[in-house]
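User: I am new to this structure and would like to learn how to read its surface patches and its aromatic rings. Please guide me through them.

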Amino acid sequence: PDLQLAGRTIIGKDAPRGQEMCDHYMAPPSLANPALACMQEIQDECWRLGIPLKTRHREVAPNQYEFAPLFGLNTTQIDQNLMVMQIIEEVAARHGMAALLQEKPFNEVNGSGKHNNWSLATEDGVMMLHPAKINGATGNSSAFAVIMAAIVAAVNEHGDLMRMAISSPGNDFRLGACEAPPAIVSTYLGEDMTFYLEHFKDGKGDGEYVPSTKMLDLGTKEVCPFQVPAEDRNRTSPFPYGGARFEFRAVGSSQNVSMVNTVLNTIVAEKFAEFCDEADAGKDINQIARDALNDNWKVIFNGNNYDEAMQQELTDRGIWRIDSGVEAIAQLTADKNVALFEKMKVLSKEECESRQHILHDHYTGTVDIEAKTLVDMINQHIIPSVKAGGVGPLSELEAAIGTLKSAIAEIHAAESSHEAARLARVLRLETMVDIRAICDAAEEVVPANLWTLATYQELLFLDSTTTVAPESETAFYDD
């Protein structure tokens, strides 16, 4: 019932097997299960609508798969992303499966997110984050450095808005885990880029940035050695530069990415406008960029964002860190952010307030559903199973019902959407986590034949055990 109503498992003892062997990640989709046929049909349905899903592959967690579309214009890609989500859910049902788009449907295995690859181009198609192309088009070897300075300044000043934009309820359980960056908004540029910009800001050189490469030799005669970038993108960073683009890695899998991209476009556009105003006033554009880099250098971090010592270092630097998604949402109506959106003619104060209310209400509503579902699961399944087996924490389970109902009532009595969301967060991340431990302890000792809920052991490997055939033979586009 929790997967059906809430999109994630609210309880569930860990299965003996999870993602320890990396066997799901490394293996290709197999004809031995219906997942590959499902993904092929999803690709076909999307192709018919002009949406090319270039990549499909397994991901780390059991049952987990990924698609990657080709890049395109911002507004088109946002709309198509929503269409793909709907198609995934509809096609999965035809194959006797359910597609879970929630960020963390299962505990202790990787959750899901979206890698929002973001770049800029001129009206005639010159890529502004590709150093050779923008420098060549402008005839200015420092053009790329100036653009990067504006982006670095935007991330440092408005990291709170970037954090707000990824505050989906499911990200409560995902940010900072092994599959997503923490809620500390820094940017990774890589050692080469950092070295180049450091010399630029310190006045030691205004030359062109040329990223280094390395030769990759696979050691086989069938594949000749080939050149690749010397540095990969940092997968622990929330906003790494990946060569001609930035990748916002912390976006939730269930999200509509409209707000994410609205924020990125707005904060960078504001910095471009500020740079232009100063240049029009007679200040040298390179000096403007140098000043911006010097003022905002602290937001650049090329280390391991999962390391707790490094997280503390970033916090001590004064980089935006908002651990609570509820409080991050509240930053939408902070004075500086309302002023930003009004200045750039993107949102009015009233529009910021309405969006904040909606996001808080969405969070509260999500938790309300989860808590009520947990009450039903304990009453209708877990307590009867414990009684039937004569084992387990019966008194603690009975007490948990009263605790949950009281917390739900307190949320409903809250005087504002923000206060209700705050109470809901405590219920979800503290009270319900403690109660989950009691439920999982019951599952551990109740005999399997008396446990009436699906277990992780049964759920996590459905893609390799389900043999339901589609209702009809799929007619692919090529046919």
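Analyst: Glu342, Glu350, Glu351 and Glu353 form a negative surface patch. The model is predicted, so local features need pLDDT of at least 70, side-chain atom pairs count only at pLDDT 80 or more, and totals for chains, interfaces and linings use all residues. Residues are numbered from 1 along each chain as its sequence is written, and side-chain values use heavy atoms, with hydrogens and water left out.

User: Which helix gives the most to the negative patch?

Analyst: Helix α14 (residues 349–389) does, with three residues; helices are DSSP runs of H or I with at least four residues, and strands are E runs of at least two. Glu350 has its place in helix α14.

User: Is Glu350 buried or exposed?

Analyst: Buried means under 20% relative accessible area, exposed over 50%, and partly exposed in between (1.4 Å probe, protein chains only). Glu350 is exposed, at 53%.

User: How is a pair of aromatic rings described?

Analyst: The distance of the centres and the angle of the planes describe it. Rings of Phe, Tyr and Trp (its six-membered ring) pair if their centres lie within 6.5 Å; planes under 30 degrees apart count as stacked, over 60 as edge-to-face and the rest as tilted. By this rule there are eight aromatic pairs. One of them, Trp118 with Phe239, is tilted, with 6.4 Å centre to centre and 40 degrees between the planes.

User: Where do Trp118 and Phe239 lie?

Analyst: Trp118 is in strand β3 (residues 113–118) and Phe239 in the loop between β5 (226–229) and β6 (246–252), so the pair ties together parts 121 residues apart in sequence. Both residues, Trp118 and Phe239, are buried.

Methods:
Patch = residues over 30% accessible without salt bridge, like charges linked within 9 Å, V, L, I, M, F, W, Y side chains within 5 Å. Areas by Shrake-Rupley, 256 points an atom, 1.4 Å probe, with all protein chains shown as cover. Salt bridge = Lys/Arg side-chain N within 4 Å of Asp/Glu carboxyl O. Lys, Arg positive; Asp, Glu negative; His and termini not counted. Charge placed at Lys NZ, Arg CZ, Asp CG, Glu CD.
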